[in-house]
Amino acid sequence: MDLSFTETQDMLRDTLARFLADTYDFETRKKMLASPEGRDPGIWRALSSELGLTSAPFAEEHGGMGGGAIENMIMMEELGKVIAIEPWLQTVVIGGGALKAVGGAVADAVIPGIIAGDTTIAFAYAEPQGRYNLADIGTTAKADGAGYVLNGHKASVYAAPWATHLLVTARTGGSRRERAGVELFLIDANSPGISRRDYATVDGFRASEVYFENCAIPGDALLPGGIDLIERIVDEATVAVCAEGSGIARKLLEGTVEYTKQRKQFGQPIGKFQALQHRMADMLIEAEQIASMTLMGTLRLNIPAAERKAAVSLVKAKVSRGLKIAGQSAVQTHGGIGITMELAIGHYFKRATMIESQFGTADYHLERYEALTLPA
Amino acid sequence: MDLEFSPEDIAFRDEVRTFIAENYPAELRGKQDEGDELSKEDFLSWHKVLYKKGWVAPAWPVEYGGTGWTVTQRYIWSEETARADCIRLMPFGLTMVGPVIYTFGTPEQKAKFLPRILSGEDWWCQGYSEPGSGSDLASLRTRAVRDGDHYIVNGQKTWTTMAQHADWGFFLVRTNPDAKQQEGISFLLVDMKTPGIEVRPIITLGGEHEVNEVFLEDVRVPVENRVYEEDKGWTCAKFLLAHERVGIAGVAASKRGIERIRQIAANELDGEKPLLANPFFRRKVAELEMDLTALEYTELRTLAGEAAGKGPGAESSVLKIKGSEIQQRLTELTLEMAGHYGAPYFRSFGEGDNEHGIGPAWANRAAPTYFNTRKTTIYGGSNEIQRNIIAKMVLGL
């Protein structure tokens, strides 16, 4: 067993952390959020073509660094520390993960664009009725000659307004909630028959409702693998948002400790009060456990599917609960100022809250774990 | 002792129900449930209906305009107004400064202010917290210096709810910087139109403008607007805080909140079954009802004690702690129900696409409300402070 990072991995982390420290301060982030596009495309350009960081988890044959899940974890943690609103999860982790899993011509064609920063991907999997069951899909992909025709409505598609490609789950057969017949498609985001309603999300991203109306797509848009492939890339994404949450939990703790050293009430820094000290000690316990579970999940992504799913569900359930404690404690310890737009802490709290339910709540994942591991 | 309503109580309940059905302003219906922001006019429209009926201040003594209702009738009233989803009246005049004025004020102050609080003519705000004085309220530094028959007030208040609409504010100010902290504070009624007052908005996490900073620069306040003795304002402040804590429990509104969650979760699907059939979800609903019932009967016992002449004491901290926690859990459950539709931020929805709504309407404010409701364990004396009060005042530690 070896839980240490390689020199290359340490270097990657340092490069990204330094870049974000220079470019992603709270005030700059606020301006990006308020801009019409909701982000600064120059940042993505810098992360990809200039610094080469988006190449980290890809194979050398595609121009990548040959990394994988650990590199994704490192990056997501650092992005979490500045509550970055970049489409990294969607493009590099999810889109990249799907392409690596299927390989072949489509991987050869699309991965270089991700590395270069020209290709951004959004993951259209959620549906209005679906909650967290990945097979609860009403969107249809009907075979039509050599291609397919998509019809349906995808909900809350993060990063869709910025995407060049959409990764879409749709049903080629079977009835709603049936595992068989669910497939994954990678399509041009500007295909005729796609319409979007764009909005900002409560945690600062841009997202869309995406509607497919007789949207004709080519046959090779289908990435073979069905629901098993979808579950795999969602498990990878789940662990990645846990890593993001891990970075956020650290910042929630750091910011709270710092604040309680400065803020004085009753003639002393409020950090001297035992009630608050214990609360912050609990935050540290949660942050440590979040980091531990994230690492465990990251290292267990390449085991047989049933074991992987059980492991990832334990990770996500623990991280969701930990983020709730960390976020609520940070706000409570700050007092009123923690609920305003003025301090960064509230914005970390908002993102932490959305991660709690992203790809499934603690309850959802405990249920999935129970179903996989406990006798009925 | 009897838990059942008497025939008189049932008749009263029916009267209240009919009155609300016939008189609650049509344009307000559903607004509270959808979490819509309420304008000053919204608040005042219901206020004025109740004023006309003589029901605007049930808790006040009859001589000042109260209803003379029994504890049971007041309980029925709050149940029925919450059940009908009536908006809550602004508390700053009716449940905060009003009782202070009729308890500690001069006959002139009572005559001048109480009728205008009842009629809704004056909108009040509360000038308590300061940037450096939150939980440690008694350390407040806003200074009032006597100048003939005026005080000259300088300083800054914060978290002043709805001050943007206020005609009057009640302010805690330091009149004697040399006395022990609590002993040099006075309670002033300030006309918000007085020169030298500036109100600046603070935007909270859900994007709301509810609270403000209030800056006071050489604000001249007539001495006759001081309530109670000079330097003894802390007595009024404590009295008001204890009263505030009782109302803060929000039992009836939380009951309505649970009812709403039951309705939504019975219709929202989780797979092929309603969300309410999900064992984890229904357990949380059941636990909330358990805790809310415990709170309800604790409040009823407190109110019965009050009716028997015991003022609300440190026990009201119990109500504040549990009431605020329950309010937060309600918003957690609502956000959980929203699922993927917790994410869209309703203030960013563009105009012009009426064909495609974004998620169910009830989900639109789930996340902003969850964020905003973190305030309940902070305001009115944070829950940490409430536990200190229990430890010190009740347990004698």
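Helices here, by the way, are DSSP runs of H or I with at least four residues, strands are runs of E with at least two, and both are numbered from the N terminus.

Before I go on, a bit of housekeeping. This is a predicted model, so local features need pLDDT of at least 70 and side-chain atom pairs count only at pLDDT 80 or more, while totals for chains, interfaces and linings use all residues. Residues are numbered from 1 along each chain as its sequence is written, chains are lettered from A and ligands numbered from 1 in the order in which they are written, and side-chain values use heavy atoms, with hydrogens and water left out.

Back to H9(A). It covers residues 305-334, and its 30 residues reach 43 Å from first C-alpha to last, close to the 44 Å expected at 1.5 Å a residue; that expected span is 1.5 Å times one less than the number of residues. Is this helix mostly covered or mostly exposed? Mostly covered, with 22 of the 30 residues buried. Buried means under 20% relative accessible area, exposed means over 50%, and partly exposed is in between, using a 1.4 Å probe and protein chains only.

Which way does H7(A) run beside H9(A)? Their axes come within 9 Å and cross at roughly 25°, the axes being lines fitted to C-alpha atoms over the stretch in contact, with angles from 0 to 180 degrees between N-to-C directions. So these two are roughly parallel. The cut-offs are under 35 degrees for roughly parallel, over 145 for roughly antiparallel, 65 to 115 for roughly perpendicular, and oblique for the rest. H7(A) passes H9(A) in a left-handed crossing: left-handed is when the near helix is turned anticlockwise from the far one by less than a right angle, right-handed when clockwise.

Now compare another pair. H4 (residues 69-81) and H8 (residues 274-299) of chain A have axes that come within 9 Å and cross at roughly 150°, so H4(A) and H8(A) are roughly antiparallel. Their crossing is right-handed. On the H4(A) side the contact uses A:Ala69, A:Ile70 and A:Met73, and H8(A) brings A:Thr294, A:Leu295, A:Thr298 and A:Leu299. Contact means heavy atoms within 4.5 Å.

On to the cores. A nonpolar core is a set of buried Ala, Val, Leu, Ile, Met, Phe, Trp, Tyr and Cys residues joined through side-chain atoms within 4.5 Å. The largest one has 124 residues, and those with the most contacts inside it include A:Trp88, A:Leu252 and B:Phe281. Which helix gives the most to this core? H7 of chain A, residues 226-262, with 15 residues. Apart from that core lies another, of 72 residues, with B:Cys125 and B:Trp168 among them.

Last stop, chain B. H7(B), residues 251-267, reaches 25 Å, close to the 24 Å expected. Its buried residues, including B:Val251 and B:Arg256, pack against H3, S10, H8 and H9 of chain B.

B:Glu336 lies in helix H9 of chain B. Why does B:Glu336 count as buried? Because its relative accessibility is 17%. Leaving out residues up to four places away in sequence, B:Glu336 touches A:Arg131, A:Asp363, B:Phe281 and B:Lys284.

And finally B:Cys236, in helix H6 of chain B, counts as buried because its relative accessibility is 0%. Beyond four places in sequence, its contacts include B:Val100, B:Phe104 and B:Tyr128.
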